[in-house]
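Hi there,

Here is the structure I promised to send over. Have a look through it first, and my notes follow below.

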Amino acid sequence: MCGIVGYTGQHEASPILVSGLRRLEYRGYDSAGLAGVDDGRIEIRKRAGRVRSLEELLDERPMRARCGISHTRWATHGPATDRNAHPHLGGRGGRMTVALVHNGVIENYAALRKELESEGFQFQSQTDTEVIAHLVARELETVDEPFLAVRRALPRLEGTYGLGVVCAGHPDVVVGARFGSPLVVGVGDDEHLLASDAVAIAPHTARVAYLQDGEVVRLTPLDFQIQHLEKGPITPRIDRIDWKPDAVELGGHAHYMLKEIREQPETVTDACRGRLVRSEATAHFGGLNLTARQLRRVRRIVFAACGTSWHAALVGEYLIERLADLPVEVEYASEFRYRNAPLDDRTLVFVLSQSGETADTLGALREARRRGHPTLAIVNTVGSTIAREADGGIYLHAGPEVGVASTKAFSAQVAVLTMLALHLARLRHLSFADGTAILEAIQSVPDLIGEVLRTEPRIDEAAALMTEARNALYLGRDIHFPVALEGALKLKEISYLHAEGYPTAEMKHGPIALVDRETPCVFVAPKGSLHAKTLSNVEEVKARHGVIVSVGTAGDEALAALSDVFLPIPEAPEVIQPLLAVVPLQLLAYHVARRRGCDIDKPRNLAKSVTVE
Ligand code: AGP
């Protein structure tokens, strides 16, 4: 899940490439590099480490080229070293004619490497990517035109790629190619850009063209053209980026994650805007592309997703089964795509993805569609591959999410799923009065989240208790079980503490053996139908001298009395409690990670958008 930026125009490329890489660092940050063509010769600068270490290298050895490509890496093949950093050079006999950056995985690279080595191409790195650079260089020896050379080399590859290529002797040409990994073109007046995500392009232009699988693009300062490997010339569709460039600025917050946690009242408001219809006591979605009649025919829903999106889908399962009495299954997308799960023609498949580029979720979408099932998508990133390939869907409107640990997107997903449950239920047997009560509850969420955010100082107290822990158990019953899973994932992702989420009653069947002073138990236990049962479970941990942190309804003295730290959320109907209870868990993980000195926005080994299997 690397980040690619390319530029050709009137300005020096390296400052534009570097600021673009900074905006893509959420995709990978173990090494960075760039290459440009100046005076017909390829110049290259690369180094292991963050983008800032590349900037230090450029301070020592500036690059003046006005055309270039760049890369920030999430290693798939070979450790994070200067040699394995991108760009990689292609050529033989001491003439390196190609520089190339790549996002994806080449599965047949070993065989190609052997073939190329037998023809005199020498390899400097352990990466799969370097074979592509040499393949293009080999083609360039016969055609001497970068666009054609790249198109002739690509059919030899098995796997996925997003590529940026520059070639010696072609001072203002950048070639890009996409198969499986996202690439977007930025359309300027006398400049053109290439990037893995529009976030990197936004400061330069709002006009973008999203590349599809199999498309190759040739950029020059004044023009760009797209060819599909099989279909030939493509007329590009120009879209507009619908958010402000400063949406991805920190805005005075210490970290993107904290900024995005604090944005959640607005996030939920934006997710609900124009969708709640009081006169019908229901919610409407403009992009489902299914009639009420078709939705009433649905007898089963399957959600497929990964990570935090999978947890949101699980909340959706509880809500839709409770309100609409419709059976729901939640599948790990990576399992669903290969498991051949039986799906009948009255099953509706949804995939959920913040980025809209997660390879396994895209695979699940394609598998369901290949088997003839209309597949809808709940997505945040407009113009993403999943959004474009789905038969219909719902946008989250949460704006760009930069923090690797997803927070506001989870809340937007749960808000959308709560509205979807209301919509499906009102199409079946939910009364106008009950519908109105749920609609009003959803409308109250932004203010209630605001109240929870004001308890941040208390949450930091709980963080102090957990900073020295070895493990942590997160526990929730019913609709709070997925919230417990999400809380545990947040702690793991950014503080590197081991944590597990469980249905509370499951404790007695094993995990309770872990209870001691170094394994805090975090109970997600707002007041509701199963509260008394949860209190007994808290008692069981108390009896074993466990450390108890609880998220509960303000004024719940019984729970507060049992807890080492009690984190209150406002009184609220059960159907919206997950949207409130997750906020203290997000802030808890944030403050534990802050106290442990972890790199919160760029946690180790992770990337924001997982575009490889
Ligand atoms: C969540 O904090 C993680 N970044 C990760 O689990 C993420 O939810 C998962 O990779 C799915 O991403 P998506 O929603 O963009 O498809």
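A residue counts as buried when its relative accessible area is under 20%, and as partly exposed when the value lies between that and 50%. Please keep in mind that this is a predicted model.

With that cut-off, alanine 281 is buried, because its relative accessible area is 0%. You will find alanine 281 in the loop between β16 (276-277) and β17 (282-283). Most residues other than glycine have a negative phi, and most peptide bonds are trans.

Aspartate 478 also has a phi near 50°, again positive in a residue that is not glycine. This aspartate sits in the loop between β23 (471-476) and α16 (481-495). Is aspartate 478 buried or partly exposed? Its relative accessible area is 28%, so aspartate 478 is partly exposed.

There is a backbone feature of another kind at proline 87. The peptide bond leading from histidine 86 to proline 87 is cis, with omega near 5°. Proline 87 belongs to the loop between β4 (67-72) and β5 (88-92).

Now for strand β18, which covers residues 300-305. Six of its six residues are buried, so the rest of the structure largely encloses β18. Which residues of β18 point which way? Arg300, Val302 and Ala304 point one way, while Ile301, Phe303 and Ala305 point the other way, and all are buried.

And which strands pair with β18? One of them is β20 (residues 347-353), which pairs with β18 in the parallel sense over five bridges. In that pairing, alanine 304 stands opposite valine 351 of β20. Strand β19 (residues 328-332) pairs with β18 as well, in the parallel sense and over five bridges. Here isoleucine 301 stands opposite valine 328 of β19. To get from β18 to β19, the chain passes through helix α9 (residues 307-324), and this β-α-β crossover is right-handed.

Last on my list is helix α13 (residues 408-426), with 19 residues. From its first C-alpha to its last, α13 reaches 27 Å, close to the 27 Å expected at 1.5 Å a residue. Of the 19 residues of α13, 18 are buried, so this helix is largely enclosed by the rest of the structure.

Note on methods
Residues are numbered from 1 along each chain as its sequence is written. This is a predicted model: local features need pLDDT of at least 70, side-chain atom pairs count only at pLDDT 80 or more; totals for chains, interfaces and linings use all residues. Side-chain values use heavy atoms; hydrogens and water are left out. Helices (H or I, at least four residues) and strands (E, at least two) are DSSP runs, numbered from the N terminus. The expected span of a helix is 1.5 Å times one less than its number of residues. Buried means under 20% relative accessible area, exposed over 50%, partly exposed in between (1.4 Å probe, protein chains only). Two strands pair if DSSP finds at least two bridges between them. A crossover is right-handed if, with the strands pointing away from the viewer, the path from the first strand over the helix to the second runs clockwise.
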